[in-house]
Amino acid sequence: KTPQEVKDQKILDRISKHPCYSEEAHHHYARMHVAVAPACNIQCNYCNRKYDCANESRPGVVSELLTPEEAAHKVLVIAGKIPQMTVLGIAGPGDPLANPEKTFRTFELIAQKAPDIKLCLSTNGLMLPDYVDRIKQLNIDHVTITINMVDPKVGEKIYPWIRYNRKRYKGLEAAQILHERQMEGLQALQEADILCKVNSVMIPGINDEHLVEVDEVIRSKGAFLHNIMPLISAPEHGTYFGLTGQRGPTPKELKALQDKCSGNMKMMRHCRQCRADAVGLLGEDRSQEFTKEKFMEMAPEYDF
Ligand code: SF4
Ligand code: SF4
């Protein structure tokens, strides 16, 4: 086998039980998200902050916010009821790394009580370089970064501001900092041997053509999967205040871009843009069976 084939096989082994990363696994294994991270440190023009983070989760949904203790209780209840539950992710409702205490406390509780559940996290990347060591210590081996641009001039049209080191940055400067931090984070994940998936939101007329370049850059920096998602632009999701009137791509446009980018690296085509409190197999949503009111009444049955 060539070194590349050996490397690919190692990655395949690591993702074989992860429903989001493996096409095969998503029919057999379940995942859940817990919504413990309310704050966010950047503004994406397509995000309405009344709803969950639109980078990893389904836009237009409001998840029930939990404390780390409530979240850990919920995970143990659900792991007892859904034996195929292999993965626990934190994806919102804001940015998990803009809420490091809550996010890492939740992971710690779950790692102690249910060490066989795989942990993953998604982020806009702004604070990622500061937390790669912590992520490694906690054995979180899957991280998703949303990268919508590798050129701050494109970024400027997507991000009106960021908040970094207690200061608010706007325009080109904001996009420049975000870009540098995302690249630094991606690099650090690779050095720490933590699997990294990249999400990109395809916004017609803003970054659609540019995403081919994003794909090349992230691939060269070690991301193992690129997930290009359509901008979901619907009036019921509220106003995308910076991109009012902005349309999402058609399924044909999305597929054409995914085909263009597929190159050597696998493209993820089965992402369902799940809720920040999603529960179950990817095609199903059982979140309403486990609302806070309901799961707090249930005793954890998980055997650990
Ligand atoms: Fe909204 Fe997520 Fe962007 Fe923050 S990172 S502004 S929560 S879409
Ligand atoms: Fe998986 Fe996509 Fe759902 Fe995240 S949003 S759990 S990557 S299918």
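This is a predicted model: local features need pLDDT of at least 70, side-chain atom pairs count only at pLDDT 80 or more; totals for chains, interfaces and linings use all residues.
Residues are numbered from 1 along each chain as its sequence is written, chains are lettered from A and ligands numbered from 1 in the order in which they are written, and side-chain values use heavy atoms, with hydrogens and water left out.

Trainee: How many salt bridges does a search of the whole structure find?

Mentor: A salt bridge is a side-chain nitrogen of Lys or Arg within 4 Å of a carboxyl oxygen of Asp or Glu. Among the pairs that meet in this way are Arg247 and Glu253, at 3.0 Å from N to O. For the whole structure, the search gives a total of seven.

Trainee: Which residue meets the side chain of Asp215 in a salt bridge?

Mentor: Helices are DSSP runs of H or I with at least four residues, and strands are runs of E with at least two, numbered from the N terminus. An α-helix has 3.6 residues a turn, so residues three or four places apart point the same way. At an N to O distance of 2.5 Å, the partner is Arg219.

Trainee: Is Asp215 buried or exposed?

Mentor: Buried means under 20% relative accessible area, exposed over 50%, and partly exposed in between, using a 1.4 Å probe and protein chains only. Arg219 has 25% relative accessibility and counts as partly exposed. Asp215 has a relative accessible area of 1%, and is therefore buried.

Trainee: What arc do the buried residues Leu254, Leu257, Gln258 and Cys261 cover around the axis of α8?

Mentor: In α8, Leu254, Leu257, Gln258 and Cys261 are buried. They lie on the same side of α8 because the arc, taken from the directions from the helix axis to the C-beta atoms, is only 100°.

Trainee: Which exposed residues does the face of α8 turned away from its buried side carry?

Mentor: Helix α8 covers residues 251-261 and also holds Asp259 and Lys255, four residues apart, whose side chains meet in a salt bridge at 2.8 Å, N to O. The face turned away from the buried side carries the exposed residues Lys252 and Lys260.

Trainee: Which residues does His179 touch, not counting those up to four places away in sequence?

Mentor: His179 is found in helix α6 (residues 171-191), and is buried at a relative accessible area of 14%. With contact taken as heavy atoms within 4.5 Å, the residues touched are Met149 and Val150.
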